[in-house]
Amino acid sequence: MAARDGLSVSPPRPLDVNYDEAAVPAYTLPDALSCSDGKRAATTKLWFERRRPELLAAFAREMYGEAPREGWTLQTDRARTLHVPLEGALRCEWHFEVRTSEGRLPGTLLVWAPAGATEPVPVFVGLNFFGNQSVHPDATIEPARGWVPNNPEYGLSDHRASDASRGCHAHRWPVADIVRRGYALATCYAGDFDPDFDDGFRNGAHALFPEHRATAGDGAWGAIGAWAWGMSRLLDVLEADDRVDLRRVIAIGHSRFGKTALWAAAQDARFAMAISNCSGRGGAALSRRAFGERVRHLNERFPHWFCGNFRRYGDREAKLPFDQHALLALMAPRPVYVASASEDLWADPQGEFLACQAAGAVYEALGDRGADSIGYHVRPGVHDITAFDWAHYLDFADAHLWTSHRQSRRLLR
């Protein structure tokens with residue numbers, strides 16, 4: 001069966017999966033506000049000085065891995081700017097290159113922005129699965145240059161981008177709708193930062209930082225850590241684009257890149273908002289529920305996604321020092337939105353909703369009494385990101401990043 005989420009061949013889903021709510025074990029969630037010494041971080045000061053740094057360190061150590069914090073330079077070059085009348089947008093491609101003493105990592109950021117904007121606009125930033133050519137049928141978009149997943153459904157073979165794949169995921173990126181609402185959209189092929197296969201952490205960004213290379217049983221970064229690090233580098237690239245407002249950047253991702261968007265925004269406060277679409281286990285869904293995909297399944301099917309320490313929690317999710325509600329809480333007080341699909345039981349929609357609910361305690365402690373900064377919806381259908389989802393994300397962004405006036409929109413801050 002053709003892979004839909006980016007792998008050459010999707011690993012088969014295991015048979016020992018629980019889809020029965022009655023079989024979900026009793027569990028107690030760790031209090032996201034409780035510091036390691038037992039003191040409760042019920043004030044903004046304690047949250048930011050004590051508890052939040054503890055949680056960030058725990059997620060890095062036990063799950064996503066510790067990414068390098070320095071040791072690179074970034075070279076950016078605007079490739080070309082084109083007007084795309086159909087979308088009412090100006091489109092440009094930014095070539096960039098991350099450099100270390102070990103080598104160079106090239107990539108391309110594709111950006112659409114409203115053609116008639118008179119001031120910098122907010123921007124959605126997300127990674128794509130098959131290359132920039134896959135997000136829109138425009139024949140002038142530069143295709144992915146490196147390894148891409150094979151997918152016969154989209155004409156992808158020999159691990160190369162093809163013209164047959166142009167626009168194959170356009171339904172996931174409604175450029176016209178986004179631009180019409182006054183937003184920019186920036187996307188980059190995830191493989192520019194780390195190809196999505198297990199090679200012992202020797203390709204992509206990992207090759208630039210051999211001292212951070214993950215091995216079994218340690219806390220070095222995996223692929224999700226590399227992709228999240230890459231999303232922060234995209235913000236660095238966008239500093240050169242005067243069409244976008246870097247105070248209003250929204251990290252967005254679907255499935256594995258929903259996990260990535262949450263981890264990227266948790267670490268990098270330059271993201272003003274995060275959106276997770278069908279991110280499931282390892283993303284927004286509570287691990288302790290043991291419903292649908294489990295931690296063991298994640299580590300068996302995708303051993304390169306997380307750090308080695310995460311493998312210790314296979315069927316022992318209750319031993320985790322946190323759960324995913326704490327990942328959502330790391331966004332506080334910035335807004336965060338989680339979405340599920342009713343037929344996507346593998347990703348545990350109920351577990352995603354309950355994580356949002358539990359994260360509300362942190363938002364309330366920081367003054368958001370109704371946890372209004374946490375959004376959630378579940379739509380009918382399967383594992384995908386749709387126009388229905390985007391309509392809700394745009395409305396949520398409007399509510400938190402814009403204020404409406406009769407003739408214009410002004411910054412809330």
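I began with α8, where I found a kink of about 25°, centred on A359. I kept in mind that this is a predicted model.

I then checked the span of α8: at 1.5 Å a residue its 17 residues should span 24 Å, and because its end C-alpha atoms are 26 Å apart, I noted that the two agree.

Next I asked which residues of α8 are buried. Just after α8 I came to G367, which takes a positive phi of about 105°.

I turned to α1, residues 44-64, and compared its span with that of a straight helix: 21 residues would span 30 Å at 1.5 Å a residue, whereas the end C-alpha atoms of α1 span only 26 Å.

Where does α1 bend? I found a bend of about 40° at R51, with a proline, P53, following within four residues.

I listed the buried residues of α1 as L46, W47, R51, R52, L55, L56, A58, F59, A60, E62, M63 and Y64. What covers them includes α4 (223-238), α5 (256-267), α7 (324-329) and α8 (349-365).

My last entry is on G65, which follows α1 and has a positive phi, near 95°.

Key:
Residues are numbered from 1 along each chain as its sequence is written. This is a predicted model: local features need pLDDT of at least 70, side-chain atom pairs count only at pLDDT 80 or more; totals for chains, interfaces and linings use all residues. Side-chain values use heavy atoms; hydrogens and water are left out. Helices (H or I, at least four residues) and strands (E, at least two) are DSSP runs, numbered from the N terminus. The expected span of a helix is 1.5 Å times one less than its number of residues. The bend at a residue is the angle between axes fitted to the seven residues ending there and the seven starting there. Buried means under 20% relative accessible area, exposed over 50%, partly exposed in between (1.4 Å probe, protein chains only). Contact means heavy atoms within 4.5 Å.
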